[in-house]
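Please look over the sequence and the structure below before reading the notes on them.

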Amino acid sequence: MTITAVVPLYRVEPYLPDLLRSLDAQAPGPYELDVVFVDDGSPDASARMVERWLASTSVTGVLVRQDNAGVSAARNRGMDSATGEWVTFPDSDDLLSDDYFAAVARFLAVHADEIDFASARLLRLREPRPDPEDVHALSFRFAGGDRVVSMRERPDVFQLNVASAFFRLADLRRAGARFRTGLHASEDALFVAEYLLGLAAPRVGLVASASYIYRRRAARDSAVDAFRTDPRAYYERFVDGYEPLLSGCGDAGPPEWLQSMFLYECQWLLPVQLTPDGRADVLDDAQRETTLRALAACARHVTEKRLFEYDATALPVESRLLLQVLAGRSLPPWVGSYASRRRDGVRLSTPVTAGAGIRLFDEDGRPMSANRVERFAPDYFGQDVLQLHIADVDRVPRRVEVDGRTRPLVRARAGEGMTETTDRHRRAVVGTWAIPARQGDVRVWKPVTDPGVAVRLRLRSVVTVAVRLGKRAVRRALRRRTL
């Protein structure tokens with residue numbers, strides 16, 4: 001088979017040699033490779049480096065030039081010049097494992113007729129560390145080895161980047177697939193989503209044996225790093241991208257995998273707003289309001305079931321509750337009042353909608369007063385629809401009522417933070433099993449349960465999760481002993 005790799009070039013002179021060396025090092029296999037480099041008006045020596053490399057390498061390739069128009073326009077230009085049966089879009093500052101194309105080709109030789117696209121394992125090279133690590137948030141997809149997965153049956157298995165993806169060129173052209181120009185974030189994800197929406201039940205080939213190495217630049221000057229300084233990147237992808245896709249799916253509503261993609265975007269947008277380093281100080285008040293409206297417009301197309309069953313990343317319960325309220329829905333009845341013991345009593349944390357009334361009752365059914373009460377709206381872009389009611393009391397109340405309705409009372413386990421307690425409770429309600437997420441967690445640790453996965457891989461995933469759970473239990477025990 002033939003594979004075309006489309007590689008845009010723009011200000012990558014320090015990193016490009018690594019990619020070129022990795023292309024030269026590719027192992028032979030049942031494939032022929034050609035590379036289309038697109039010089040997107042790069043002002044540095046990137047294009048000249050490619051010209052010299054093409055003159056000396058055995059790899060087939062071509063250099064196409066255009067005025068600077070952005071990465072999407074460059075990929076479109078490269079796709080127009082592609083001739084391979086399959087096409088992929090590696091970034092020019094990344095690297096490929098030596099058997100990258102050979103492993104993908106071996107997989108496609110067996111499974112091409114079963115899939116709509118393929119995805120390689122994504123490793124992360126975090127400069128200045130010298131070795132790539134398997135730490136990507138969605139790495140759970142590859143714990144089951146090379147396999148074919150239905151996205152309709154497994155909506156948490158989705159794809160947001162094109163760098164590690166492989167598409168049939170004929171399918172892209174038949175679908176009229178194009179990268180959107182003018183966007184400042186998520187153009188990859190929207191390209192994938194628009195293409196897959198034309199399919200009734202998309203199936204992805206997960207190629208765990210092929211490793212794409214994504215570079216996290218020490219200089220923090222990549223597009224991924226720069227987006228937080230551009231106000232448009234906070235709302236543009238939702239206003240011009242996700243909302244039109246979600247709302248355009250008709251009466252049946254958007255597929256769950258597309259809803260999951262939106263929730264994945266929220267993982268990187270919402271929790272960090274409560275941290276000093278992640279807060280979107282670049283936005284003015286009007287832009288913060290625009291971001292909230294954009295999130296609300298998308299959240300209305302996410303079902304309550306998908307919102308709370310989503311398990312691709314550790315999206316905090318508080319962030320999910322915000323999206324629930326922004327969508328115009330009330331908090332689910334299972335949402336609890338969460339009690340954690342303190343040296344001087346008990347702290348009760350109760351998520352509520354703005355203006356909701358709260359009453360506490362003791363074991364005799366009498367109203368119970370708190371020693372201290374605080375009520376505030378977590379500052380997600382200045383939202384004021386979701387609040388957190390904090391009450392310090394001498395003992396755990398018998399009952400908590402919010403607007404006359406009893407809330408489940410959930411006690412934190414020793415050593416648990418509130419994020420972990422609420423995630424454990426959510427999992428118990430929706431019936432999923434994984435290690436409860438702690439504050440700041442992104443990756444979800446859960447066993448592979450797919451019946452089609454080899455027993456040894458399922459067993460290995462169970463052992464991995466059990467070991468991490470055991471380590472966490474030991475740390476809790478040590479913390480209790482210290483207290």
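Predicted model: local features only at pLDDT ≥ 70, side-chain atom pairs only at ≥ 80, totals over all residues.

Residues are numbered from 1 along each chain as its sequence is written, and side-chain values use heavy atoms, with hydrogens and water left out.

**Helix α9**
- Helix α9 (residues 256–269) has 14 residues and reaches 20 Å from its first C-alpha to its last, close to the 20 Å expected at 1.5 Å a residue, where the expected span is 1.5 Å times one less than the number of residues; helices are DSSP runs of H or I with at least four residues, and strands are runs of E with at least two, numbered from the N terminus.
- Of the 14 residues of α9, 12 are buried, meaning under 20% relative accessible area, with exposed over 50% and partly exposed in between (1.4 Å probe, protein chains only).
- The buried residues include W257, F262 and Y264, and what covers the buried residues of α9 includes α6 (187–196), α8 (232–247) and α10 (285–299).

**Residue D98**
- D98 lies in the loop between β5 (95–96) and α4 (100–111), and because its relative accessibility is 48%, D98 counts as partly exposed.
- Leaving aside residues up to four places away in sequence, D98 touches A25, Q26 and A27, where contact means heavy atoms within 4.5 Å.
- D98 and A25 are 73 residues apart in sequence, yet 5.6 Å apart in space, C-alpha to C-alpha.
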